[in-house]
Amino acid sequence: MRYSAFSIVKNALTGNVNWKPAWRQPEPKPFYDVIIVGGGGHGLATAYYLAREFGLKNIAVLEKGYLGSGNVGRNTTIVRSNYLLPGNEPFYEFSMKLWEGMEQDLNYNAMLSQRGIINLYHNDGQRDAYIRRGNAMWMEGVPAELLDRTALKKMLPFLNFDHARFPIMGGLLQKRGGTARHDAVAWGYARAADRLGVDLIQNCEVTGIRRDNGVVTGVETSKGFIGCGKLGLAAAGNTSRVGEMADLKLPIESHVLQAFVTEGLKPAIKHVITYGAGHFYISQSDKGGLVFGAEIDGYNSYAQRGNLATVEHVMEEGVTMIPGLSRVRVLRSWGGVMDMSMDGSPIISHTPIDNLYLNCGWCYGGFKATPASGWCFAHLIAKNETHPVARFLRLDRFERGYPIDEHGAGPQPNLH
Amino acid sequence: MASLIHCPHCGVRPKEEFSIRGDASLVRPDPEASDEAWNDYVHIRSNPRGRYREHWQHAAGCRRWLVVERDTFTHEVFSVADAASAAREAGR
């Protein structure tokens, strides 16, 4: 069923009893040409583009829980392409362009809201760094705008401009940045992939990767053995565990990142705003809750929950930036397991095993990359060659000495 | 993560006094070691879900480096030892 205003009216008039499930619940077939491990945003997007863009049939996505139960449903929904380095920026801009056409493409309302993202700066050095970043964006054809204090005061009067230690001097604005409804992105890709014949198999945990003569022949799962021609891993925080099944040695650590949402408020914060003196970011959801987060907790963790010290730190950052936040009540907080790479940038790559492909290392920035990650990973799997915008995101960049280190923090995942 | 850590030098202290560096199982290779050995040391991590040995520093206390063994899923802390003693015991 195609979703439209007409279909809503028609179903409303007939008692809303004729809606069909958005996707099937198939049992696994004995063999698929391509299996994707991980039914999150990236895995579902990969399956969708494999089927639509690259014309492959006989594809399955295996998910150990329910679709979208990982980080795609646990993030702060920010979409942007304001990166500095040439290895990253074209990739994220490709993603931004896909976001802009995605809802029509998928026939699904992902509630993309290009409200603008503003990165605040607090001193001259930081201003210069943002000018450089803005120029780097322009060089890739991505509009960026530097706002001074006067302009910013008009736009965001509620900020703490005259803080004694971190006064706000201005900000870098990407107008096309914004937010999208995270669950709807997973559901939209799932539904669209299902309609193209992709089998989405839930509650199916991969427990082993079977190999013969150095190539993958299939996966052992909680629903039995499933054979495959090619295998793609998009397991995010659990990448190391799945990779271990194929003896991959990976530059990944799993860390926990927390996020928070407050009670619903009247419209107060129009943009996505990030704090320059810390790592705090905030936006307001369409439901009215303020959605915000900050750094990872800083220690390896596979638990989807974090530490109170980090909660306190996040609140302090938020109140320092917007004093009015002190009277808002937090409703919920949660944690997600991030696949932190050693340079803070992602990996979409071949592996030492010919028909095994890897998609990981998204750190805490995977949501915005969902469409491009899916597209480039599908390109890699279907054609066995790297997509041009993802050509720097190779697994072997670490041993070759070409890390893409946006923060300049070195191979220390808890600092990215 | 446990809220209190038993530092072998300072006794029971709040976790926030410590900073965490990472994997304690890595051994720095010889300066003349192969590129592969150095790549493994700098970039490759076992990243287990379960028991994990980590280097922590008691930054707001004795400033000694420690080896903390804990579980990366349950966050239970099993043991805290002085890193120098741990290295001597391992014969390094």
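Start with chain B, which runs β-β-β-α-β-β-β-α along its sequence. This is a predicted model, so keep confidence colouring to hand.

**Stop 1: chain B**

Select chain B. Its secondary structure amounts to two helices and six strands. The C-alpha trace spans about 40 × 25 × 20 Å along the principal axes. Colour by burial next: of its 92 residues, 16% count as buried. Then look at the contacts between residues at least 6 apart in sequence. In chain B, 46% of these join residues at least 24 apart.

**Stop 2: chain A as a whole**

Now switch to chain A. Here you will find ten helices and 18 strands. The radius of gyration is 21 Å, close to the 22 Å that the globule rule gives for 416 residues, so chain A is as compact as a globular protein of that length. Its C-alpha atoms fill a box of roughly 65 × 60 × 40 Å along the principal axes. Burial takes in 51% of the 416 residues of chain A. For chain A contacts between residues at least 6 apart in sequence, 75% link residues at least 24 apart.

**Stop 3: the two domains of chain A**

Domain 1 is 21–78 + 84–93 + 99–106 + 182–251 + 343–415, and domain 2 is 114–178 + 253–341. The C-alpha centres of domain 1 and domain 2 of chain A are 27 Å apart. Where they touch, domain 1 of chain A supplies 27 residues and domain 2 of chain A supplies 28.

Stay on the domain 1 side of this contact. Helix 3 (89–106) and helix 7 of chain A are the elements that give two or more residues to it. Helix 3 of chain A gives the most, with three residues. Colour that side by class: twelve residues are nonpolar, eleven polar and four charged.

**Stop 4: the nonpolar cores**

Which residues have the most contacts inside the largest nonpolar core? Select I35(A), L44(A), A47(A), Y189(A) and A193(A); the core has 120 residues. Domain 1 and domain 2 of chain A each contribute at least three residues to this core. In soluble globular proteins, nonpolar side chains tend to be buried together.

Centre on A193(A). Leaving aside residues up to four places away in sequence, A193(A) touches L44(A), A47(A), Y48(A), A51(A), V198(A) and L200(A). A second, separate core has seven residues, including C7(B), A24(B), L66(B) and V67(B).

**Stop 5: helix 9 of chain A**

Select residues 370–383 of chain A. This is helix 9, with 14 residues. From first C-alpha to last it reaches 20 Å, close to the 20 Å expected at 1.5 Å a residue. Is helix 9 of chain A mostly covered or mostly open? Mostly covered: twelve of its 14 residues are buried. Among the buried residues are P371(A), W375(A), F377(A), H379(A) and I381(A). Step just past the end of helix 9 of chain A to N384(A), which takes a positive phi of about 60°.

**Stop 6: where the chains meet**

Finish with both chains on screen. In this contact, 21 residues of chain A meet 16 residues of chain B. On the chain A side, the elements giving two or more residues are helix 7 (239–244), strand 12 (252–264), strand 15 (289–300) and helix 10 (397–400). By class, the side of chain A that touches chain B has ten nonpolar, seven polar and four charged residues.

Key: Residues numbered from 1 in each chain as written. Chains lettered and ligands numbered in written order. Predicted model: local features only at pLDDT ≥ 70, side-chain atom pairs only at ≥ 80, totals over all residues. Contact = placed C-beta atoms within 7 Å. Helix = DSSP H or I, 4+ residues; strand = E, 2+ residues; numbered from the N terminus. Nonpolar A, V, L, I, M, F, W, Y, C, P; charged D, E, K, R; others polar. Rg over C-alpha atoms; globule rule 2.2 N^0.38 Å. Buried ≥ 20, exposed ≤ 12 C-beta atoms within 10 Å, placed from the backbone. Domains from an automatic or database assignment. Core = buried A, V, L, I, M, F, W, Y, C linked by C-beta atoms within 7 Å. Expected span 1.5 Å × (residues − 1).
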